[in-house]
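Me: I would like to go through this model and ask, step by step, what stands behind the terms used for it. Please set each value against its cut-off before you conclude.

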Amino acid sequence: MAGEFKVVGKRVERVDSFERLTGEAKYASDVYLPGMLYVKVTRSPHPHARIVRIDAAKAQALAGVKAILTPQEVPDFAIHSRPNPPFVRMPVLASTPRYVGDEILAVAAVDEETAENALELIKIDFEVLPFVLDAEEAAKSGAPRIYPDGNVIREKIDTLVRGNLEEGFKQADVIFEGKYQTHMIQHVTLEPRVTVAAWNGKKLTLWDGGKGPFGLRNDLAEALNIKVNQIRVLTPFIGGDFGDKGRVERQHVICALLAKKTGRPVKLEFTREENFLATHHRYPTTWYMKYGAKKDGTLTAMHVRLYADLGAYYHMDFAYNSLEVPKGVYRCPNVMLEGYNVFTNKPEAGQMRCVGHPTGMFPQEVHMDRLAEKLGMDPFEFRLKNYARKEDGDQDRKIPFTSCGMDECARLASEQFGWKTKWKTPGSGSGPVRKGVGVAFQSCRHGSIFGPMSAVIKMDQDGTIELMNGLNDTGGGQKTAMGIIAAEELGVPYDAVQVTTGDTDSTTDTGTAGGSRGTPSVGLAVVAAARDVKNQLLDAAADVLKKKRDDLEIRDGALFIRSENRSVPYKEIVSKSGATIVGRGSPKAPQGIATHTFGVHFVEVEVDMRTGKVKVLRLVAAHDVGRAISRIGVENQIQGGAVMGIGYGMLERQYMDAPTGICVNSNMVDFKVPSILDVPFVEPIIVEPDDPVGPFGAKGCGEPPYGVPAPAIANAIHNAIGVRFTEIPVNIRSVLDGIEKRKG
């Protein structure tokens, strides 16, 4: 079917590659305005404290300091609010800081040095309070209370029940239990958070490095109690997000207030350390899993208990998000899932690439491997037997998947990898350097369709075409994908479409570029807008050419007159019609469907028994993407996600000092991310089932490849040396400890 397309699925150059490669691309950090002030923030040195007194007189008197913002000035401002208990609202400035790095004061000065000097002159007296860093400990009744109502959000935990758990375990021939842990990590975007704010009368303009300009505009308008059309957000280029930068944050409110207070533009750009201390993180999790299966490998029961560490403020229901993994990757009639969202004295948890799923995939895929071993089964065959098929779909709502390419992913990847010849009895190798192989399956809702969805396409008198939509390009090639979809539907060459994004005053609300929703969701709006253009073009042509509309059709980039067997260029029709054609698309998101993405990764590793060094030799990654809109873009997303997944599984962890609550590796030297020396060439395999929902059948593909490598690597290391790892990252230290423990 791919051969039927003129543009979709082809290898095309990114629409913004020239600007990115030459440095012409301008980011928010490149914005400098006349008279601009620079903002610095005082952060809490304590993980939990109450502010007794603030003395900012010396700082206020320092030459060059133009304004200081204190918690007392913004007592009513709060963000990240939810319709749940009010204590979950996050203050813009904290009078009771709840983690090391919590924002307390903000200073605006003529330059960064003066602002930093002012921070040194501010004296704050604290009443230091007890703190707790571990979610499972924080959930206990005797733990230090972070909020008066307790540390576990809501009185009831998230509980999902399917079938009869007790009966399911009675049917099992083998029951296996295990405990697993994942830890806090940071997005480590190339561009830290940055915001520039300027008022012009009642109009506020923000230049921001975020990916959700409309959400930011709407939430900030609510926080400032002004209308949304009084705020313009500009986000032309973004230096990465990986889940961060998706909505209004403290720095936006602080900048808006200080710009108002001083009457001058202000800029707040986080340092790398601040990005580690005070932005969102992938949240830590602790899992207890108990699965039962029959001798033939059929799963009969699953019981899961999860503690999700929210940090100090409530951003979203992370327990529920992670429980989606045991809920739906495998078919099982009897399930009980229990999740606790728990406050700790750590930075706020937030979205990060494929939110919820990597934290759930590591424990489940390792647990499945262990259960297969107890059953004496090949772990790949065990997964093949149990994964949820198209007809299983959403097992609780009884809705089949719109498509399911899991079987093809497994078949193609296993053949390319050579699983049947490579897999061996775990730990059966010998010698100082041992090889092993591992596998993991992925299935998640990321990549499905949800609103808001809208787009506008303009066709001017000279025939030029401009697509305007609010979907930011976060580096994933979203602008290119939207251009391809518009060109395909309009029947014009790919480079005939200009794509404009990143300005809330000239584009339309498409929601955030998150959840791998951009291509499938906004792409539907682009298709609708293009069809609107074509309909108007046919009407205009009938009028201009004095032909019956039924005698006209749009084909191969031109308007075709059937009765005369000749074509007329679009340009001729639009120029003679006397008006620009404006097509609009704002479809509703489909309801009552279950769209999932699927993937299978195979990994081969080499473990040095003397040094503990693990080298990933191969990674074959097959993903069901529905339809590859941009083939190069999809391959890059699979490879980029897999590389991040290797970092999650082997290197990355943000360490908090237990006695003080201080982060001890808030820099890119001590917080390890993969380099080119740590990753192999990731072999992408694109699977394109016939999906009836997305634009030309597309699903999203940005996030799913992230969660699969970590468990596959842990399983491969076990296959190589016979040591199980139930906690990530699996690094040199843990491998050496595991080898020593196995020796006994």
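Predicted model: local features only at pLDDT ≥ 70, side-chain atom pairs only at ≥ 80, totals over all residues.

Me: Why does S563 count as exposed?

Reply: The relative accessibility of S563 is 56%, and exposed means over 50%, so S563 counts as exposed. The C-alpha atom of S563 is separated by 9.7 Å from that of K547, and the two residues are 16 residues apart along the chain.

Me: Why is D556 called exposed, and what is said of its phi?

Reply: At 62% relative accessibility, D556 is above the cut-off of over 50%, and therefore counts as exposed. D556, in the loop between β21 (552–555) and β22, has a positive phi of about 50° although it is not a glycine. Most residues other than glycine have a negative phi.

Me: What makes S516 buried, and where is it found?

Reply: S516 has a relative accessible area of 12%, and since buried means under 20%, S516 is buried. S516 is found in the loop between β20 (497–500) and α15, and it too is not a glycine but has a positive phi, here of about 55°.

Me: How do you know that R724 forms a salt bridge with D369?

Reply: The closest N and O atoms of R724 and D369 are 3.2 Å apart, and a salt bridge asks for a side-chain nitrogen of Lys or Arg within 4 Å of a carboxyl oxygen of Asp or Glu, so the pair qualifies. R724 lies in the loop between α18 (709–721) and α19 (732–743), whereas D369 lies in helix α10 (residues 357–375), so the pair ties together parts that are 355 residues apart in sequence. D369 is buried, because its relative accessible area is 8% and the limit is under 20%.

Me: What links R724 with E373, and why is E373 called partly exposed?

Reply: R724 forms a salt bridge with E373, the closest N and O atoms being 3.6 Å apart, which is within the 4 Å limit. This pair links distant parts of the chain, from R724 in the loop between α18 and α19 to E373 in helix α10, 351 residues apart. The relative accessibility of E373 is 42%, and because partly exposed lies between the buried limit of 20% and the exposed limit of 50%, E373 counts as partly exposed.

Me: What makes R631 and E688 a salt bridge, and is each of them buried or partly exposed?

Reply: The side chains of R631 and E688 meet at 3.2 Å, N to O, which is within 4 Å and therefore counts as a salt bridge. R631 lies in helix α17 and E688 in the loop between β27 and α18, so the pair ties together parts 57 residues apart in sequence. R631, at 17% relative accessibility, counts as buried, whereas E688, at 24%, counts as partly exposed. In the structure as a whole there are 51 salt bridges.

Me: Which peptide bond joins I728 and P729, and where is P729 found?

Reply: The bond that joins I728 and P729 is cis, with an omega of about 5°, and P729 is found in the loop between α18 and α19. The peptide bond from G451 to P452 is also cis, with omega near 0°, and P452 lies in the loop between β17 and β18. Most peptide bonds are trans.

Me: What makes β18 and β24 a pair of strands?

Reply: Strand β18 (residues 455–459) and β24 are joined in the antiparallel sense over 5 bridges, and because at least two bridges are required, the two strands count as paired. Within this pairing, K458 stands opposite V582 in β24.

How values were computed:
Residues numbered from 1 in each chain as written. Heavy atoms only, no water. Helix = DSSP H or I, 4+ residues; strand = E, 2+ residues; numbered from the N terminus. Buried < 20%, exposed > 50% of the residue type's maximum accessible area, 1.4 Å probe, protein only.
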